Amino acid sequence: MGIREFPGGAPRGKSIAVGMRRSPDVSPRRLSDISPQLRQLKYLVVDEAIKEDLKWSRSVEDLTSGPVGLTSIEERILRITGYYGYQPWAASCKREERPRDSPGPAEAQAPAGVEAGGRASRRCWTCSPAQLKKVFWGVAVALCVCSSWAGSTQLAKLTFGKFDAPFTLTWFATNWNFLFFPLYYVGHVCKSTEKQSVKQRYRECCRFFGDNGLTLKVFFTKAAPFGVLWTLTNYLYLHAIKKINTTDVSVLFCCNKAFVFLLSWIVLRDRFMGVRIVAAILAIAGIVMMTYADGFHSHSVIGIALVVASASMSALYKVLFKLLLGSAKFGEAALFLSILGVFNILFITCIPIILYFTKVEYWSSFDDIPWGNLCGFSVLLLTFNIVLNFGIAVTYPTLMSLGIVLSVPVNAVVDHYTSQIVFNGVRVIAIIIIGLGFLLLLLPEEWDVWLIKLLTRLKVRKKEEPAEGGADLSSGPQSKNRRARPSFAR
């Protein structure tokens, strides 16, 4: 029977009870009819070969599934030995006789049933309405990020033809950050059921900085450094637009994603991922190839260095924010960005004045300033930051990040018709390499596990399709004959 005994004889202690719960579908029988050796039933083990032959039987399932929900050991051995008229290998034996636990949420959502041909239907993997809504919002947000970022870049390039003052433009656009918290409060009043006053909401958001709220010490230690990094990031980016074309600037700025990963790995001790190391290498290779595309001229090298420095400042800003302040809610992020605008007004205003009087950034009269371009650039940059910081409320972060890389082909098309840019082979390869590295950095941490699961499902589906096709062919003529045969019964 494939059952062997462990040596050692009968177990010590309490003897095996003779009384046994009756099975509802069998006739009663005394245990004494079998053998007195039932005392050693606890030491019985089923051979692996027999387990494989009887893997669909309930007896082996009971022996291997643990103590929960099992019947008595006597009843199990009676099934194996064929008593009670129970044949586990018989076709009439049902594998599932007792109810299982209720399926989890994922199983409950996936409909399963039996098709008309007797084949078990495959699980249907469908997106819920909430997920579809997030995807549609993600497309809209990605297009908004792409248009605002590419539009601000092109408008800045156009502004420098009339107003050659990148730092003044940076200062003017950063002042608009003051509007973050007022705009957030308007949204809070419109959407929230429990409306709070401005003072109450402000005090609640100030808890982000600590128990004491926003004090003078907190302002200079936790807000001022980020104000400096914000100003440097935007100034270096705008100054690079003066030196090189907007396509190169936008694609090189995408390297900040790789710099964020490297700094997070070193400073924050984030998880090491080989694919992200490859992405960082691709970003560095793209920077070198972009420099080579124009022949290492001093003008282009300075512009590329400025963009790389801007991307580095952006990465440092993000990593330090996570290190010193952690994660922020929407109201806290809005208050923080408004504080950066206040810091810019109070402490950075002196720098454009100094640059004006030293004639580093000089304009003849205020009437010559293109206020429309300045305001348009500021509005686009404010829109970009609002969507990038608060778009996570309606969609996935990965779809939002795609908007940044999508701005590269938009800028390339505009540069093709408005400037004398030459898309040689080296430049195109550099753009593709940096874009590929950016997309690799968007992969989630468990991307390899998901990929293995996807390949496994595809392999199982390919194996099921020929079997189902054969079943359809075999059952097809029989079903036709049955339908064609007339019935004379009345």
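Which residues form a nonpolar patch on the surface? Hold that one for a moment. First, a reminder that this is a predicted model.

Now the patch. Its members are Phe178, Leu179, Leu183, Leu216, Phe220, Ile345, Leu346 and Phe347. Together they have about 780 Å² of accessible area. Where do they sit? Two helices each supply at least two of the residues: H9, spanning 216-243, and H14, spanning 330-348. H14 gives the largest share, with three residues. Take Phe220 as one example. Phe220 lies in helix H9. Its relative accessibility is 42%, so Phe220 counts as partly exposed.

Let me step back to the whole chain. The protein has 490 residues, and 37% of them are buried. It holds 19 helices and two strands. The accessible surface comes to about 29600 Å². Carbon and sulfur atoms account for 63% of that surface. Now look at the contacts between residues at least 6 apart in sequence. Of these, 80% join residues at least 24 apart.

Next, confidence. The average pLDDT for the protein is 76. A score of at least 70 is reached by 69% of the residues. Which elements mark the two ends of the range in mean pLDDT? Helix H6, residues 166-174, has the highest mean, at 95. Helix H4, residues 105-109, has the lowest, at 33. Two stretches also need a flag. Residues 1-29 have a pLDDT below 50. That stretch still has 47 contacts in the model beyond near neighbours in sequence. Residues 54-71 stay under 50 as well. For residues 54-71 the model has 31 contacts beyond four places in sequence.

On to the cysteines. Take Cys205. Its closest cysteine sulfur belongs to Cys206, 7.3 Å away, and that is too far for a bond. Cys254 is in no disulfide either. The nearest cysteine sulfur to Cys254 is that of Cys255, at 7.2 Å.

Are Cys205 and Cys254 buried or exposed? Cys205 has 4% relative accessibility, so it counts as buried. Cys254 also comes out at 4%, and Cys254 is buried too.

Last topic: backbone angles. Two residues deserve a look on the screen. Arg269 has a phi near 60°, a positive value in a residue other than glycine. Where is Arg269? Find the loop between helix H11, 256-267, and helix H12, 274-293. Arg269 counts as exposed because its relative accessibility is 72%.

The second residue is Lys359. Its phi is near 60°, again positive and again not in a glycine. Lys359 sits in the loop between helix H15, 350-357, and helix H16, 371-390. With a relative accessible area of 60%, Lys359 is exposed.

To recap. The nonpolar patch has about 780 Å² of accessible area, and H14 supplies its largest share. Arg269 has a positive phi, and so does Lys359. Keep the pLDDT below 50 over residues 1-29 in view as you look at the model. Thanks.

Methods: Residues numbered from 1 in each chain as written. Predicted model: local features only at pLDDT ≥ 70, side-chain atom pairs only at ≥ 80, totals over all residues. Heavy atoms only, no water. Disulfide = S-S within 2.5 Å. Buried < 20%, exposed > 50% of the residue type's maximum accessible area, 1.4 Å probe, protein only. Patch = residues over 30% accessible without salt bridge, like charges linked within 9 Å, V, L, I, M, F, W, Y side chains within 5 Å. Areas by Shrake-Rupley, 256 points an atom, 1.4 Å probe, with all protein chains shown as cover. Salt bridge = Lys/Arg side-chain N within 4 Å of Asp/Glu carboxyl O. Helix = DSSP H or I, 4+ residues; strand = E, 2+ residues; numbered from the N terminus. pLDDT = per-residue confidence, 0-100. Contact = heavy atoms within 4.5 Å.
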